[in-house]
Amino acid sequence: MKLVVKPGQRLQGTIGLNSTNCLPGDKSISHRAALLAAMAQGDSIIDHFLVSGVTLPLLDALRMLGLDWKLDGTTLFVNGRGMENWREPKTPIYCGNSATTLRLLAGALAASGISAQLDGTTGLRRRPMDRIVEPLQQMGVRVEASTENTAPLQFTARSFREQLRPIHYTLPVASAQVKSCLLLAAMAAEGTTTLIEPAPSRDHTERMLKSMGVEIQFPMSDPLQETAERQNSASEYMVRITPPDPLVLNPLHLTIPGDLSSAAFLIVAGIITPGSEITIKEVGLNPGRTGLLEALRQMGARIEISKMTERGGEPVGDITVRSSSLKAMQVYGPLVVRMIDEFPVFAIAAAFADGATLVCDAQELRTKESDRISALCQELNSIGVQATEMPDGFSIQGGKLPRGGLVNPHGDHRLVMSLAIAGLAAQQEVEVADAEIMDESFPGFIAILQQLGGDLRVN
Ligand code: S3P
């Protein structure tokens, strides 16, 4: 499927959580909610669950583990019966293209002690797995990766009674997926596990485990109190978890906030498209995710946050953006972790900013759904934006409207949507090839932009 985006229309309107075209539920929280509900004892009800290409393999995996669940629209019902009742899957569990599914499931399987194999697409088989396999092995988990330290991962059975070793472990990279995998494995450890991250990443797992009754300590910051400066200068982050004995987790009853990483496309669209004003309601504002908003504000973007409240232990609020003139900035350090999924669309904002924007300390971008440093620079150059690749980031010379043209998203959903957003304010049409993969995280992307006034069509 080819997505064709024509420039020249201003974007206006409000995207609500319950409107026909609403912002989908948060991807990270949806993954955690489904999996933790499966580990709990009792019936969980999860509203505004993200039903998409990355969460359906997780739901299929839960079925293979013997779990009973039902989807009614975007409401997910899970009948948890505790991990001791999980069943060994007869065939390998297919995680699709989702590293979150694979790494989180790996932690849960490690805790359950059942034998299973985790695998996925060729794209997923390229993602590094030594970052979870090594600490899991230190805990006593019998797990092996391929010789390239990638999927498939093979887990060998252990008795549910045989507890794992609690570890004191410093993560080599700040990663919420690695941290969450180890926190889930730690549920079967004999005592307290301590994890140290070089910089704070999203803490959805910590918040959810706490709401389910687990003894877990972590520096939970209040987004209303925290200053952006303090969050970005915060270096090491420590979390300590002591599993309940016996291992009983309370079921979940929650409404998942709108996904800020999906809202990010609409936010940048509203900023770079002249004459626009957009409000997006009830968006998740976890402090580990709000780096893009801070970066854009620093560049001069007109962004307002209102109606801050809490949903299921997560901060949420309404975001209003208006078209703005931007100036270039430098992004490095802990801020990089707090906007890790937003660099593709941040790069589009940078192309419209006055001056040269520089991104450093972002080598992790090379291990995402594509090598986001090289793929981004290549495709931006092809639509007339001067982007230069560096080992740990990129620079973008902004200020000249992208020319437009045909782009290749390199099998990466966030590249599809970011390049499409560039088309809304380019000199000529942007055509994105193989655009169907946007459904991995943002079903309804086209419909929402059309509702706001954008000229998008599918060929
Ligand atoms: C995620 C964590 C991030 C992010 C991914 C979702 C999560 O990955 O890029 O889209 O849900 O924990 P890393 O933890 O590998 O940085």
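Which helix lies across β16 and β17, and at about what angle does it run to β16? In this predicted model, where local features need pLDDT of at least 70, side-chain atom pairs count only at pLDDT 80 or more, and totals for chains, interfaces and linings use all residues, the answer is helix α9 (residues 291-298), which runs at about 155° to β16. Residues are numbered from 1 along each chain as its sequence is written, and side-chain values use heavy atoms, with hydrogens and water left out. Helices (H or I, at least four residues) and strands (E, at least two) are DSSP runs numbered from the N terminus, while angles, from 0 to 180 degrees, are taken between the N-to-C directions of axes fitted to C-alpha atoms, for helices over the stretch in contact, that is, with heavy atoms within 4.5 Å.

The open sheet has the order β2-β15-β17-β16 and mixed pairing, two strands being paired if DSSP finds at least two bridges between them. Because β2 (12-15) and β16 (302-311) stand at the edges with a single partner strand each, one side of each is left without a neighbour in the sheet. The twist averages 15° from one strand to the next. Strands β15 (residues 277-284) and β17 (residues 314-322) run antiparallel and are joined by six bridges, and the bridge partner of E277 in β17 is R322.

Among the polar contacts (pairs of N or O atoms within 3.5 Å), a polar side-chain atom of D341 lies 2.6 Å from a ligand oxygen atom, and an N or O atom in the side chain of S175 is 2.8 Å from an oxygen atom of the ligand.

Technical notes:
Polar contact = N/O pair within 3.5 Å; in protein donor to acceptor, adjacent residues only side chain to side chain.
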